[in-house]
Amino acid sequence: MTLHTQRRGPIQVLDAPDGHDVIIEGRLDVHTVPDIRDAIHEVIDLGPGELRLHLGAAEIGDATGLGVIVHLHRRATRAERRLLLVDASDRTTRLLRGCRLDRILAPRHAAVTVAPLTA
């Protein structure tokens, strides 16, 4: 359930009863990371619950893009929030595995709700 939506450039923030969903679109690199980092810092400070980063439409362009994800994980942990990566691309998943970051930043796929068929 979406309660409130904010739009900030390549980031969309959806407030949910159990936390926040942050949808990131486009490239995460040295040019975009400062705005993304600042916006997600604000979301982390909004309150408790999970912080789900949806990365399906995002591409990690350089080490800065990967570094901001690690930084956000640490910041969320200090704020007693849980950071989840949702729908990360195969490339992002391989990158996390190659850097051995998959141990702390395990990507998850979005849950799909299936309605039962009725006759």
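Colleague: In which sense do E3 and E4 pair, and over how many bridges? And from there, could you show me where helix H2 (residues 63-78) fits in?

Modeller: Happy to! This is a predicted model, in which local features need pLDDT of at least 70 and side-chain atom pairs count only at pLDDT 80 or more, while totals for chains, interfaces and linings use all residues. Residues are numbered from 1 along each chain as its sequence is written, and side-chain values use heavy atoms, with hydrogens and water left out.

E3 and E4 pair in the parallel sense, over 9 bridges; strands count as paired if DSSP finds at least two bridges between them. One of these bridges links Glu 25 to Ala 57 of E4.

At the start of H2, a side-chain oxygen of Asp 62 comes to within 3.0 Å of the backbone nitrogen of Thr 64. The helix has 16 residues and should span 22 Å at 1.5 Å a residue, which agrees with the 23 Å between its end C-alpha atoms; the expected span is 1.5 Å times one less than the number of residues. After H2 comes Glu 80, with a positive phi near 60 degrees.

Which residues of H2 are buried? They are Gly 65, Leu 66, Val 68, Ile 69, Val 70, Leu 72, His 73 and Ala 76, where buried means under 20% relative accessible area with a 1.4 Å probe, protein chains only. These buried residues pack against strands E3 (19-28), E4 (50-60) and E5 (82-86), and against helices H1 (33-44) and H3 (90-98).

Stepping back, the chain holds 3 helices and 6 strands, in the order β-β-β-α-β-α-β-α-β from the N terminus. Helices (H or I, at least four residues) and strands (E, at least two) are DSSP runs, numbered from the N terminus. Of the chain's 119 residues, 38% are buried. Among contacts (heavy atoms within 4.5 Å) between residues at least 6 apart in sequence, 62% join residues at least 24 apart.

Key. Buried < 20%, exposed > 50% of the residue type's maximum accessible area, 1.4 Å probe, protein only. Polar contact = N/O pair within 3.5 Å; in protein donor to acceptor, adjacent residues only side chain to side chain.
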